[in-house]
Amino acid sequence: MLFEEAASFYEKLEGVSSRLEMIDILTEMFKKSTKDDIKETIYMTQGILAPPFYGIEIGMAEKMVAQAIEVSYGYSKKEVESNFKKTGDLGNTAEYFSCRSRMKRMSHAKFTLKEVFMQMQKIANTSGAGSQDAKVRMLSQLFAASTQLEARYIARFAIGALRLGAGDATILEALSKAYTGTREYKSELENAYNICSDLGSVGYVLLSEGKKGIENFKVSLFSPIRPALAERVATSEEILEKMHGICAVESKYDGFRAQVHMDRKHKRVEIFSRRLENTTKMFPELCEAALKEVDAEEAIFEGEAIVYNQVSDEFLPFQETIQRKRKHGIEEKSRELPLTIFSFDIMYLDGKDLLNKPYIERRKMLENIIGKNGTISISDMAVVDSAKKLDMYFNDAISRGLEGVVAKDLNSSYVAGARKFSWIKLKRSYKGELSDTLDLVIVGYYLGKGQRTNFKFGGLLCATYNDSKDVFETVTRIGTGFSEKQMKVFEDLLNRIKGKKNARVVSVVEPDFWVEPKYVVTVKADEITRSPMHTCGAEGEGTGYALRFPRLVSDGIRDDKSAEDATTSKEVISMYKMQKKGKMSDKL
Ligand code: ATP
């Protein structure tokens with residue numbers, strides 16, 4: 001596909017107001033792709049050079065992209081800067097100067113999407129002395145030969161802000177439609193995606209091997225699997241009911257999730273986060289321990305990493321553990337706050353894909369390769385056949401300082417990438433308040449009012465994720481409780497991503513500014529109420545769900561969650577029902 005064609009699809013995508021229109025445009029675009037460029041077409045649509053677990057980011061500084069604009073079109077730094085100040089968007093600035101170029105114009109070379117992609121890859125891979133100049137040079141080569149519209153998207157892609165707004169589910173649906181003529185094949189494509197977490201690979205296999213390739217997708221080492229997620233209910237009785245009278249129960253550790261891939265022969269260990277970013281470098285002691293302690297040649301297993309003191313049997317709070325997620329001072333922090341992984345599942349062992357084995361069999365395999373008192377330990381587990389026994393286990397976990405428990409269906413396979421009742425979490429709750437926090441996506445923000453007019457930030461408009469419709473539905477405004485420092489942080493962060501309302505945001509309220517649904521914050525509230533002002537959980541024009549007295553509990557952004565990892569509208573409805581049943585009372 002020519003990049004010119006891709007750019008006109010991007011322009012159309014910018015103008016849509018509904019997700020269905022978005023799917024139609026993407027379908028047309030994917031129909032133009034072949035097996036030779038489908039991977040690049042998909043990655044470019046996502047605004048990335050590779051899935052996050054490869055850690056390859058283009059993310060050129062705005063300053064460098066501005067320099068490339070100056071060089072390509074013969075303008076001064078001052079001129080480009082002043083236009084950028086006006087547009088607030090380097091894409092529009094590149095477009096502006098492209099059609100007013102003072103340089104002798106190269107004939108438009110008509111490059112393909114793949115050529116642009118490869119040049120961007122080359123830019124990303126250039127490092128070391130003189131690399132900044134080289135990057136600017138390479139980018140200006142693209143600008144000099146591009147049309148105005150191409151320049152717009154090249155600039156945005158280069159700074160990592162293409163923002164076409166298409167989520168994973170939307171891309172999968174369009175892929176299904178382009179290949180089969182209907183959206184029905186999406187669930188098969190989703191299964192493959194859940195196993196490899198790489199939309200480009202799914203597209204490539206579909207176009208090169210067809211449906212057979214998709215149906216035979218297998219787990220492979222060092223390609224992270226999308227994590228299984230837990231549902232929530234209010235009581236042990238409900239858990240036993242859902243699990244048909246018997247289930248496993250494990251402690252719920254409040255650290256961060258770690259998916260460990262190990263290959264003993266090549267002494268290679270990699271650790272992926274809940275968002276499937278490659279976090280290996282942050283945890284040297286865990287990599288070393290995996291090779292030393294885990295009795296397997298090759299394995300993919302999963303657990304919760306937490307700072308734990310074996311002598312006092314003490315679990316440190318999440319705020320302590322999270323300090324280990326850092327890029328600098330790693331060695332020092334690893335001595336100060338050493339982690340333990342409490343492993344709770346295994347997905348692959350010595351050449352065998354275990355996703356479809358029942359939980360209880362996977363657990364036995366896990367017990368065979370992981371011991372009890374190491375840096376890599378196994379999670380606590382018991383099989384219970386009554387609510388009373390489950391309650392006893394729960395109370396014991398709470399008294400040990402844990403967050404609660406996760407119940408697991410003994411016969412269930414590993415449900416990659418989905419929140420299903422094969423795992424159910426039960427957390428400690430607090431009297432009079434909503435038992436659990438919500439992780440909400442920021443979709444808009446408000447300007448400061450009254451005494452705070454000097455701030456260009458006064459509050460947030462937050463949404464839940466509706467995973468069956470792949471849209472974001474507003475659930476609350478948060479206008480109080482921000483410190484001045486926090487307001488400044490939000491002002492800077494959100495100002496960068498403000499723009500047109502995303503076609504996947506469903507809202508009846510209008511904030512002062514819409515932002516790209518990107519950042520997730522943790523919110524606590526007193527109650528969930530019905531409200532016509534919000535679209536969360538509303539069917540058609542009906543009444544939605546909203547939060548009463550919402551406030552932020554985290555200092556800032558939950559960077560371990562992407563927009564699609566936010567609390568779902570379905571979860572809010574189930575929390576509302578739990579609250580209505582009056583079962584939110586303290587369990588202790
Ligand atoms: P939360 O904020 O409650 O941890 P979440 O949205 O991150 O929720 P859920 O799938 O809802 O994720 O809850 C399960 C999470 O609990 C897992 O992501 C995992 O990180 C953590 N966890 C801790 N202990 C266990 C365990 N024994 N089994 C499964 N998950 C566990």
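Reader: At roughly what angle do the axes of helix H4 and helix H5 cross?

Author: This is a predicted model, and in it helix H4 covers residues 62-73 while helix H5 covers residues 77-87. Their axes come within 9 Å of each other, and the crossing is at roughly 120°.

Reader: Are H4 and H5 parallel, perpendicular or oblique to each other, and which residues make the contact?

Author: Angles from 65 to 115 degrees count as roughly perpendicular and those over 145 as roughly antiparallel, and the axes here cross at roughly 120°, so H4 and H5 are oblique to each other. H4 passes H5 in a right-handed crossing. The residues that make the contact are Glu62, Ala66, Ile69 and Glu70 of H4, together with Lys77, Val80 and Phe84 of H5.

Reader: How many nonpolar, polar and charged residues does the contact of H4 with H5 have?

Author: Ala66 and Ile69 of H4 and Val80 and Phe84 of H5 take part in this contact, and residues of these kinds count as nonpolar. Sorted by class, the contact of H4 with H5 has 4 nonpolar residues, 3 charged residues and no polar ones.

Reader: How does H5 pack with helix H6, at what angle and how far apart are their axes?

Author: Helix H6 is made of residues 90-98, and H5 packs with H6 at an angle of about 130°. That angle makes H5 oblique to H6, and the crossing in which H5 passes H6 is right-handed. On the H5 side the contact includes Val80 and Phe84, and on the H6 side it includes Tyr96 and Phe97. As for the values you asked about, the angle is about 130° and the axes are 9 Å apart.

Reader: Is the crossing of H2 and H10 left-handed or right-handed?

Author: Helix H2 spans residues 19-31 and helix H10 spans residues 168-180, and their axes come within 8 Å and cross at roughly 55°. That makes H2 oblique to H10. The crossing of H2 and H10 is right-handed.

Reader: Which residues come nearest to the ligand, and which side chain has an N or O atom 2.5 Å from an oxygen atom of the ligand?

Author: There are 17 residues around the ligand, and those that come nearest are Glu304, Lys408, Arg419, Lys425 and Lys427. A nitrogen atom of the ligand is 2.9 Å from a polar backbone atom of Ser251, and a ligand nitrogen atom is 2.8 Å from an N or O atom in the side chain of Lys408. The side chain with an N or O atom 2.5 Å from a ligand oxygen atom is that of Lys425.

Technical notes
Residues numbered from 1 in each chain as written. Predicted model: local features only at pLDDT ≥ 70, side-chain atom pairs only at ≥ 80, totals over all residues. Heavy atoms only, no water. Axes fitted to C-alpha atoms, helices over the stretch in contact; angles between N-to-C directions. Helix = DSSP H or I, 4+ residues; strand = E, 2+ residues; numbered from the N terminus. Parallel < 35°, antiparallel > 145°, perpendicular 65-115°, else oblique. Left-handed = near helix turned anticlockwise from the far one by under 90°. Contact = heavy atoms within 4.5 Å. Near = heavy atom within 4 Å. Polar contact = N/O pair within 3.5 Å; in protein donor to acceptor, adjacent residues only side chain to side chain.
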